[in-house]
Amino acid sequence: MKYLSELTSGIEISETNIDKEIPVKGLAQHSGKVKAGFIFFVSSPTAEKYIDEAVKNGAIAICAEKMYKEYPCLAVKNVRRAVAIMARAFYNYPDKKISVIGVVGTNGKTTTTKILGNIFSACGYRTAVIGSLGFYISSDRYENERTTPDSPDFFRMLHEAVESRVQYVFCEISAHAIFYEKLYGVICDVCVFTNFSHDHLDFFGTMDNYKSVKKGYFSSRNMKCAIINSDDEVGREIIKSYNVCCVSYGIRHPSDSFAIDIEYANGTDFVANIFDDIMRIHSPLYGEYNVSNLLAALTVGKLFGMTSAELERAALGLEEVEGRFNVINWRAKIIIDYAHTPDGLKRVLTCARNICQGQLICVFGCGGDRDRTKRPIMCKIASDLSDVVVVTSDNPRSEDPETIIGEICEGADREVYRITDRKEAVRFSMTNARQGDVIVLCGKGAENYIEINGKKIPYSDKQTCLDFIGSKLCHA
């Protein structure tokens, strides 16, 4: 428990009608999370209608950007920044007691943070990972609702990591988290930039706006050192900006860390040069984009003093990242991946082609209530890089699945299959696959549901495949 006066240092307060010495038992941005003694933050235009519910649940004060005189209220200049400042103070500044390594980028955040967690754990350190697959302390997993949690949850997780004697925490930092300043006040020891490509235009409006948010985060006010992908155009812009101390990694452009002699056979083999230290890497992860992700992680490891022998050994024992290029070996190879952006789809299909001896079959959809501009673009990519394309549903949310599929298929320049029911689409692709073919199921990854009109209907690409294979074995 803290007193309000302990939490508000550094916050611009416009007006208040409450005693700053009131005890505070918790912070919440969602009324359903409010308990007795909590402060409720009106941090979005829609949150105002939940004030009464928050008060009913026990909120002792409301924090907002305008004054609600009918309630105990703290009016501030910037409520998003205020919640981060207060959450950080409430949990005793946990970021100062632990090494925080962030990962920013359109694609690769989840894989890179998981690789980092695996490598540092293999080298004897106690680690935590915060990202879209959950909150991990070592091998223990806890739920996480967002790629980057809201400030109260983020700083609580850091606090729990500190209490569990974690030395390094690796966290995905989304563009939305940067925009909303969820990590305000945190200075990462290191922050990785993976790449920049088309996504989230439903929120940011234009690619320039989206880019400026990601690029603008790379400043000495947010990190001590940046590790930047020099193969990415925006990455090179960050390096040239001189806003932060940078170390580069890449495959095609001159870099401080780079990879050569890349080969794909039962995983990936390459020679890594990390600050002129040579190591031979074998990884069970497939694809050039995973070479890039692994290069970033190896570079972080070297910066924190790991030896080449330690890093080689750690790479050899890397675990498959759930929902990221997971391979099921059957009559045809089946690849399950979360790719849901044009660039992500292109990377996965290009990688899949390297291990395909027959036809490459792509099954994908696009989420509803999200960036509509990428729908036809993704269909064009699938058409260009695959032999067979099956367009299906992927979290239609409040939109009509048929309408989404129609907009996707506007990008097709040849015949594609349209099967709205995702389970049927997967079964169709498996029924028609032959020995040596590769089926790529994109968009769902490790998700175990399809979201339709606010409801999460149980569904899994992996389980659908395993059920189909099992049914064939039973009738063989």
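Over the ring of which residue does the charged end of Arg80 sit? The charged end of Arg80 lies over the ring of Tyr180, 3.8 Å from its centre; a charge is taken to sit over a ring if NZ of Lys or CZ of Arg is within 6 Å of the ring centre and within 35 degrees of the ring normal. The charged end of Lys96 is placed likewise over the ring of Tyr93, 5.0 Å from its centre.

The model is predicted, so that local features need pLDDT of at least 70 and side-chain atom pairs count only at pLDDT 80 or more, whereas totals for chains, interfaces and linings use all residues. Residues are numbered from 1 along each chain as its sequence is written, and side-chain values use heavy atoms, with hydrogens and water left out.

An open sheet of five strands shows mixed pairing and the order S2-S7-S6-S5-S4. Strands are DSSP runs (E, at least two residues), as are helices (H or I, at least four), both numbered from the N terminus, and two strands pair if DSSP finds at least two bridges between them. Strand S2 (13-16) and strand S4 (26-28) are the edge strands, each pairing on one side only. From one strand to the next the twist averages 20 degrees. Strands S5 (residues 38-41) and S6 (residues 61-64) run parallel and are joined by three bridges; Phe41 has Cys63 as its bridge partner in S6. Helix H3 (residues 79-90) lies across S4, S5, S6 and strand S7 (73-76), at about 155 degrees to S5. Axes are lines fitted to C-alpha atoms, for helices over the stretch in contact (heavy atoms within 4.5 Å), and angles run from 0 to 180 degrees between N-to-C directions.

The largest nonpolar core has 56 residues, of which Leu27, Ile39, Ile173, Tyr217 and Phe218 touch the most other members. Its largest share, eight residues, comes from H3. Such a core is a set of buried Ala, Val, Leu, Ile, Met, Phe, Trp, Tyr and Cys residues joined through side-chain atoms within 4.5 Å; buried means under 20% relative accessible area, exposed over 50%, and partly exposed in between (1.4 Å probe, protein chains only). Neighbours within four places in sequence aside, the contacts of Leu27 include Phe38, Ile39, Phe41, Met86 and Phe90. Another core, of 38 residues, lies apart from the largest one, and Val129, Phe170, Val291 and Leu298 are among its members.

Aromatic pairs number 21. Rings of Phe, Tyr and Trp (its six-membered ring) pair if their centres lie within 6.5 Å, and planes under 30 degrees apart count as stacked, over 60 as edge-to-face and the rest as tilted. Phe193 and Phe218 form an edge-to-face pair, with 5.6 Å between centres and 90 degrees between planes. Phe193 in strand S13 (residues 190-193) is 25 residues from Phe218, which is in the loop between helix H8 (207-217) and strand S14 (226-229). Both Phe193 and Phe218 are buried. The pair of Tyr286 and Phe325 is tilted, because its planes stand at 35 degrees, with ring centres 5.6 Å apart. Tyr286 is buried at 16% relative accessibility, and Phe325 is buried at 5%. One aromatic cluster is formed by Phe179, Tyr180, Phe196, Phe203, Phe204 and Tyr210.

His200, not a glycine, has a positive phi of about 60 degrees and is partly exposed, with a relative accessible area of 25%. Tyr242, also not a glycine, has a positive phi of about 60 degrees and is exposed at 73% relative accessibility.
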